[in-house]
Amino acid sequence: MIFLMDLQMMVLDVIYFIIRNSIRVVLRPRTKPIDGELVLITGAGGGLGQIFAQEFTKHGAEVVLWDINTSSNEQTAKLVREKGGKAYTYTVDVTDRQDVYRNAELVRRDLGRDVTMLVNNAGVVAGERMLDCPDEMIERSMKVNCHALFWTVKAFLPQMKAQNHGHIVTIASVLGLFSTACVEDYCASKFAAVGFHESLAHELLADEVDGVKTTLVCPYIVDTGMFAGCKIREEVEQFLLSPLDPQYCVEQAMNAILVDQPLVCIPRLTYLPFLSRALLPWESNVVTYRFMGSDKCMYPFIEARKQLLLNNSVKVE
Ligand SMILES: NC(=O)C1=CN([C@@H]2O[C@H](COP(=O)(O)OP(=O)(O)OC[C@H]3O[C@@H](n4cnc5c(N)ncnc54)[C@H](OP(=O)(O)O)[C@@H]3O)[C@@H](O)[C@H]2O)C=CC1
Ligand SMILES: CC1=C(/C=C/C(C)=C/C=C/C(C)=C/C=O)C(C)(C)CCC1
């Protein structure tokens with residue numbers, strides 16, 4: 001009897017959330033205020049990280065900026081301060097767990113308070129075909145895009161749990177939900193990031209830590225330079241799916257974060273290949289890839305990286 005009542009409740013809840021979320025696509029729910037929050041952003045010296053820092057500042061939060069590159073990180077802090085915000089910079093290699101734990105403690109001591117929002121944004125890609133890819137580059141992708149999530153979450157989640165207040169944001173990728181050729185290191189690490197994030201979200205819900213929210217952000221190609229050259233079929237790119245403007249991408253991610261949305265694919269159209277991967281036969285997806293030019297979309301990207309490396313090594317000589 002209890003089983004049947006639970007089943008009935010579950011079905012009603014499922015229907016309720018489908019209707020609620022459909023309505024939310026049109027009528028956006030109210031955003032939560034984040035003034036006074038302390039937001040830590042990894043990879044803050046780069047494209048999306050730098051914009052995230054400015055957007056969180058716009059909403060009244062203070063930002064802690066972590067990057068492996070001191071000068072680009074300082075540049076981000078300068079932009080934040082020019083906007084009247086407060087930024088604190090730390091040079092951290094997120095792949096080095098001792099460095100992460102040491103700097104987490106430093107942040108706590110320097111600022112005298114806890115980080116309440118963590119944006120795991122730092123990311124890298126090898127940009128080589130599988131058999132040409134040096135082992136160290138493969139390891140680096142796994143360490144930055146996946147292992148680092150464990151270290152930062154272990155460093156900051158305990159205080160969030162203790163206060164039952166916080167937010168963990170993972171900047172993954174659509175390539176963490178479906179894949180394409182010649183980015184094995186990246187897809188493996190981003191699929192892992194998605195798995196890590198979802199399992200963590202389930203753990204928090206199962207433990208009824210309902211004050212600590214999670215948002216998984218999965219963007220399509222963004223014009224930051226990271227995937228410069230990556231290209232699908234011209235007609236599809238022109239009429240359906242062009243690379244995202246970084247500012248637009250971050251604004252869409254912010255919209256999701258500020259309403260505690262658990263997952264956002266940017267743009268929305270990219271939910272479709274995610275669904276078709278799960279529902280259609282493998283061969284059906286392969287022919288779609290061929291038609292859309294997504295099977296070989298990384299070829300020009302890898303060529304461009306090779307050219308860049310060649311030019312740089314010529315310059316060094
Ligand atoms: N650009 C795109 O098309 C897409 C990007 N994404 C994801 O968005 C995130 C941001 O990407 P984007 O802004 O384009 O990339 P960028 O390369 O512009 O920025 C990444 C930043 O992370 C820093 N970083 C790299 N390794 C480490 C490390 N070990 N410790 C600390 N910081 C590090 C980089 O420093 P340095 O420059 O010195 O290496 C850089 O400042 C990434 O996770 C990426 O995978 C998702 C979808 C699409
Ligand atoms: C595979 C595939 C596509 C192309 C996806 C591409 C090219 C994604 C690139 C993403 C990047 C570079 C993410 C970085 O994090 C389409 C055309 C959407 C639809 C068919 C399946």
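This is a short talk through the two ligand sites and a few side-chain contacts in the structure above.

Okay, ground rules. This is a predicted model, where local features need pLDDT of at least 70, side-chain atom pairs count only at pLDDT 80 or more, and totals for chains, interfaces and linings use all residues. Residues are numbered from 1 along each chain as its sequence is written, chains are lettered from A and ligands numbered from 1 in the order in which they are written, and side-chain values use heavy atoms, with hydrogens and water left out.

Let's start with ligand 1. Its shell has 29 residues, with Asp67, Asn121, Tyr186, Val222 and Thr224 the closest; a residue is in if one of its heavy atoms lies within 4 Å of the ligand. Sorted by type, you get 16 nonpolar, ten polar and three charged. For the bookkeeping, Ala, Val, Leu, Ile, Met, Phe, Trp, Tyr, Cys and Pro go down as nonpolar, Asp, Glu, Lys and Arg as charged, and the others, Gly among them, as polar. Helix 2 (47–58) and helix 6 (184–206) each put at least two residues into that shell. Helices here are DSSP runs of H or I with at least four residues, strands are E runs of at least two, and both are numbered from the N terminus.

What does Tyr186 do at ligand 1? One of its polar side-chain atoms lies 2.5 Å from an oxygen atom of the ligand. On its own, ligand 1 has 890 Å² of accessible area, and the protein covers 86% of that. Those areas are Shrake-Rupley with a 1.4 Å probe, and for residues only the protein chains shown count as cover.

Now ligand 2. Here 16 residues make up the shell, and the closest are Ser173, Tyr186, Tyr220, Leu241 and Tyr289. Taken alone, ligand 2 exposes 540 Å², and the protein buries 95% of it. The shell splits into 13 nonpolar, three polar and no charged residues. Ser173 has a polar side-chain atom 2.6 Å from an oxygen of ligand 2, and Tyr186 turns up again, also with a polar side-chain atom 2.6 Å from an oxygen of ligand 2.

On to the rings. The whole structure gives seven aromatic pairs, meaning Phe, Tyr or Trp rings (the six-membered one for Trp) with centres within 6.5 Å; planes under 30 degrees apart are stacked, over 60 edge-to-face, and the rest tilted. Tyr186 pairs edge-to-face with Phe227, at 4.9 Å between centres and 70° between planes. Tyr186 is in helix 6 and Phe227 in the loop between strand 6 (212–219) and helix 7 (234–239), 41 residues apart. Buried or exposed, this Tyr186? Buried, at 5% relative accessible area, where buried is under 20%, exposed over 50%, and partly exposed in between (1.4 Å probe, protein chains only). Phe227 is buried too, at 11%. Elsewhere, ring pairs link Phe150, Trp151 and Phe196 into a cluster.

Last stop, Gln54, which sits in helix 2 and is buried at 14% relative accessible area. Its side chain reaches the backbone oxygen of Gln50 at 3.2 Å. The Gln54 side chain also makes a polar contact with the side chain of Lys83, at 2.9 Å. A polar contact is a pair of N or O atoms within 3.5 Å; within protein, one must be able to donate a hydrogen and the other to accept it, and residues adjacent in sequence count only if both atoms are side-chain atoms.
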